[in-house]
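Let's take a walk through a protein model together. Have the sequence and the 3D view open, and follow along as we go.

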Amino acid sequence: MCTVASFRLLSSIRTQLDSSVDRDRLDTRSAIAIACHGIEMTFQSGKQSYQALKGIDLEVNSGTIQLLMGPSGSGKTTLLSILAGLLTPSKGKVNLLGQDITAMSRSELAKFRLHNIGFIFQKFNLFPALTAAENVEIVLKMKGMSDKMAKKETKHLLATVGLGDKTDLLPRDLSGGQQQRVAIARALAGNPKLIMADEPTAALDSYNGHAVIELLARLAKQEGCTVVMVTHDPRIVDVADRVAYLEDGILKI
Ligand SMILES: Nc1ncnc2c1ncn2[C@@H]1O[C@H](COP(=O)(O)OP(=O)(O)OP(=O)(O)O)[C@@H](O)[C@H]1O
């Protein structure tokens, strides 16, 4: 939560980052799942350039839920995309699970993302022509699971998110909350260590939004996942371990 304690924690992390010797020791001792340092992002559009991130340092401990909050345009999605390896920063380094993803080739990064990161998006991003089960199975098969195992694991995952009786339905026959539950099952498929979620409740009504977040938080904790979530929803603060506030591309706390 964004408290005096979290401010102190961030200050102490910043102090530690100032010393490269301390940083090396910190990485091995304190189970930091995500670390970024000196992140800058400048978008170029013709002759115009816009600096969306202006030097972000952030560390997320393993097994915790980190929120990214702040006003529209403050750089939340840009930062999440960089932490997820979907966007290359103009400057700075991102370390996920002890690996420097900014030094990886495109194909190494794609493989790393597939095996280590589950994604949840505002608009669910399910394949419309595939059933709930097929939407989950396809990810497991991409990760190398056999057809038989993928079917079994999918059944388990959909039951876990409360959709055991909806496995054969297409996304259009599910409510928004149910579609987001399929997306959660898909994100958890294959036990990724990291979950990146971009405004996962924005398209849901208040009741379903809260239910989805509680489910995501509970499952993520159970599975020992580290979650980074962009949100405007102040109620989600209740399930978070830490909140980072961005303003004009700068981390305020
Ligand atoms: N591909 C791009 N090209 C140019 N500018 C971009 C690009 N992506 C983002 N920006 C700009 O960078 C800034 C930060 O955008 P970003 O989407 O990260 O903000 P945000 O905090 O997630 O906003 P919101 O809450 O409205 O989704 C904005 O001013 C945006 O217009």
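First, some ground rules. Keep in mind that this is a predicted model, so to speak of local features we need a pLDDT of at least 70, side-chain atom pairs count only at pLDDT 80 or more, and totals for chains, interfaces and linings use all residues. Residues are numbered from 1 along each chain as its sequence is written.

Let's start with the record. An unreviewed UniProt entry places the feature "domain: ABC transporter" at residues 36-253. UniProt positions follow the numbering used here, feature names are shortened, and annotations may be inferred rather than shown by experiment. The span 36-253 is 34% helix and 28% strand, and its end C-alpha atoms lie 15 Å apart. Helices (H or I, at least four residues) and strands (E, at least two) are DSSP runs, numbered from the N terminus.

Now find the ligand. Which residues are around it? They are F43, S45, Y50, A52, G70, S72, G73, S74, G75, K76, T77 and T78. A residue makes this list if its C-beta atom, placed from the backbone, lies within 6 Å of the molecule. The elements giving two or more residues to this shell are β1 (32-45), β2 (48-61) and α3 (76-83). With three residues, α3 gives the most. Sorted by class, the shell has three nonpolar, eight polar and one charged residues. Here Ala, Val, Leu, Ile, Met, Phe, Trp, Tyr, Cys and Pro count as nonpolar, Asp, Glu, Lys and Arg as charged, and the others, Gly among them, as polar.

Next, on to the helices. The axes of α5 (residues 132-142) and α7 (residues 176-188) come within 8 Å and cross at roughly 20°. An axis is a line fitted to C-alpha atoms, for helices over the stretch in contact, and angles run from 0 to 180 degrees between N-to-C directions. α5 and α7 are therefore roughly parallel to each other. That label covers angles under 35 degrees, while over 145 is roughly antiparallel, 65 to 115 is roughly perpendicular and the rest is oblique. Where do the two helices touch? A132, N135, V136 and V139 in α5 meet V182, A185 and R186 in α7. Being in contact means that the C-beta atoms, placed from the backbone, lie within 7 Å. The residues of this contact divide into five nonpolar, one polar and one charged.

α5 has another partner, α6 (residues 147-160): their axes come within 9 Å and cross at roughly 125°. This pair is therefore oblique. The α5 side of the contact includes A133 and L140, and the α6 side includes A150 and L157. By class, the contact of α5 with α6 has seven nonpolar, one polar and four charged residues.

Finally, α7 also packs with α8 (residues 206-223), with axes that come within 10 Å and cross at roughly 15°. These two are therefore roughly parallel.
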